[in-house]
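The report below covers strand pairing, helix packing and model confidence. The sequence and structure come before the text.

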Amino acid sequence: MTYVRAIFFCFVLLICVGLSGVSYARYDFSVHTSKIISQEERGHHQLFVPKLTVTFLKVGQGDATLIVLPNGRTILVDGGPHEAGEAIIHKLIEKRMKQLDLVVSTHPDMDHIGGLISVIQQIPVTMVLDSGKHYYSLTYHMYVKSVRKRNIPFIYAREGQFLPLDPNVSIQVLNNGKGKNGNNESSIVLKIRYKKADFLLMGDADTKTEKNIMNTYDVHADVLKVGHHGSYTSSGKDFLQKVNPQFVVISYEKGNPYGHPHRSVMKRLHRYGTQIYTTASRDIEFQTDGESIKIQNGMPLPLLK
Ligand SMILES: [Zn+2]
């Protein structure tokens, strides 16, 4: 009987050691996993938090710009045409962005707000900043309806106002739709400054608007997203001289029926010796720490002033 008991005791002991071994291994694995995650998170932190990232998205014939501020807050300026909406949502998921802190709709044209409709329907948005220009189109109606349906605060941009999303970044509205007749001239124009780096996003603003804002504000920018997809109605000579950009971005689709960008604008831009990037075949990403700027993960380039 004692012999049987001894065998039974040994058997129980073996099982216990075996089980504790398993549980130890599990515990060790979980600790190891959490270490990897925290290292990844730290890497993510180091890579994105102190930097401003501005990505001009390839959305076909239209405009969409995704901005990640140094403090992690996110802004989407326009959403391209209707068909771009799903692609933008996929990009946000890819970049692990679960929400947008601000959506800016520069003006009510379909190639800017069409894609915003599905983004607003599917991604949590904290606030929508609108030009204040109303428009009688099905797209505009659907856009307003999508904002109302999700109960998102809908704010009209005021000229000159600053958008306080990150204490280290100045974001100013240089133009809005108040009292404007046409959609393009109603475009919200944004000037974004992070230390030495300036970005100027023109929406579809025309030469008349360019004149107005250059007489009122400091329009110099290192990166200029030219107005109206490089149309001859925008990017006047005097304006380009004042902005004096090191890089320009033109958002358009190859073979579009409007002939964007216009040959005269391209000629003018080449004459100023700026580096020209387009969204015709890919997204264009700028990342800056406020001292230097990286384009498409290239080498950091000094900001020329
Ligand atoms: Zn447009």
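Thr288 stands opposite Ile293 in strand S14. These residues belong to a predicted model, in which local features need pLDDT of at least 70 and side-chain atom pairs count only at pLDDT 80 or more, while totals for chains, interfaces and linings use all residues. Residues are numbered from 1 along each chain as its sequence is written. Helices (H or I, at least four residues) and strands (E, at least two) are DSSP runs, numbered from the N terminus.

Strands S13 (residues 284-288) and S14 (residues 292-295) run antiparallel and are joined by three bridges. They form a hairpin with three residues between the strands, and Gly290 in the turn has a positive phi of about 90°. S14 also runs antiparallel to S15, to which two bridges join it; here Ile293 stands opposite Leu301. The hairpin of S14 and S15 has five residues between the strands, with Gln296 at a positive phi near 50°.

These strands are part of an open sheet of nine, ordered S6-S5-S4-S3-S2-S1-S13-S14-S15, with mixed pairing. Two strands count as paired if DSSP finds at least two bridges between them. Strands S6 (154-156) and S15 (301-302) are the edges, each pairing on one side only.

**The six-stranded sheet**

A further open sheet has six strands in the order S7-S8-S9-S10-S11-S12, again with mixed pairing. Its edge strands are S7 (169-175) and S12 (275-278), each of which pairs on one side only. On average, neighbouring strands of this sheet are turned by 15° against each other, direction ignored. Within the sheet, S9 (residues 197-201) and S10 (residues 223-225) pair in the parallel sense over three bridges, and Leu200 stands opposite Leu224.

**Helix packing**

Helix H3 lies across strands S3 (74-77) and S4 (102-105), running at about 155° to S4. Axes are lines fitted to C-alpha atoms, for helices over the stretch in contact, and angles run from 0 to 180 degrees between N-to-C directions.

| Helix pair | Axes come within | Crossing angle |
|---|---|---|
| H2 (residues 84-94) and H3 | 7 Å | roughly 45° |
| H3 (residues 110-122) and H4 (residues 138-149) | 9 Å | roughly 30° |

H2 and H3 are therefore oblique to each other, whereas H3 and H4 are roughly parallel. Angles under 35 degrees count as roughly parallel, over 145 as roughly antiparallel, 65 to 115 as roughly perpendicular and the rest as oblique.

H2 contributes Ala84, Gly85, Glu86, Ile88 and Ile89 to its contact with H3, which contributes Gly115, Ile117, Ser118, Val119 and Gln122. By class, the residues of this contact of H2 with H3 are five nonpolar, four polar and one charged. Ala, Val, Leu, Ile, Met, Phe, Trp, Tyr, Cys and Pro count as nonpolar, Asp, Glu, Lys and Arg as charged, and the others, Gly among them, as polar.

On H3, Met110, Ile113, Gly114, Leu116, Ile117, Ile120 and Gln121 meet Thr139, Tyr140, Met142, Tyr143, Ser146 and Val147 of H4. The contact of H3 with H4 has nine nonpolar, four polar and no charged residues. Residues are in contact if their C-beta atoms, placed from the backbone, lie within 7 Å.

**Confidence**

The chain has a mean pLDDT (the predictor's confidence in each residue, from 0 to 100) of 87, and 84% of its residues reach 70 or more. Over residues 12-49 pLDDT stays under 50, and the model has six contacts beyond four places in sequence for them. Where pLDDT is low, the predicted coordinates should not be read in detail.

Terms used
Two residues are in contact if their C-beta atoms, placed from the backbone, lie within 7 Å.
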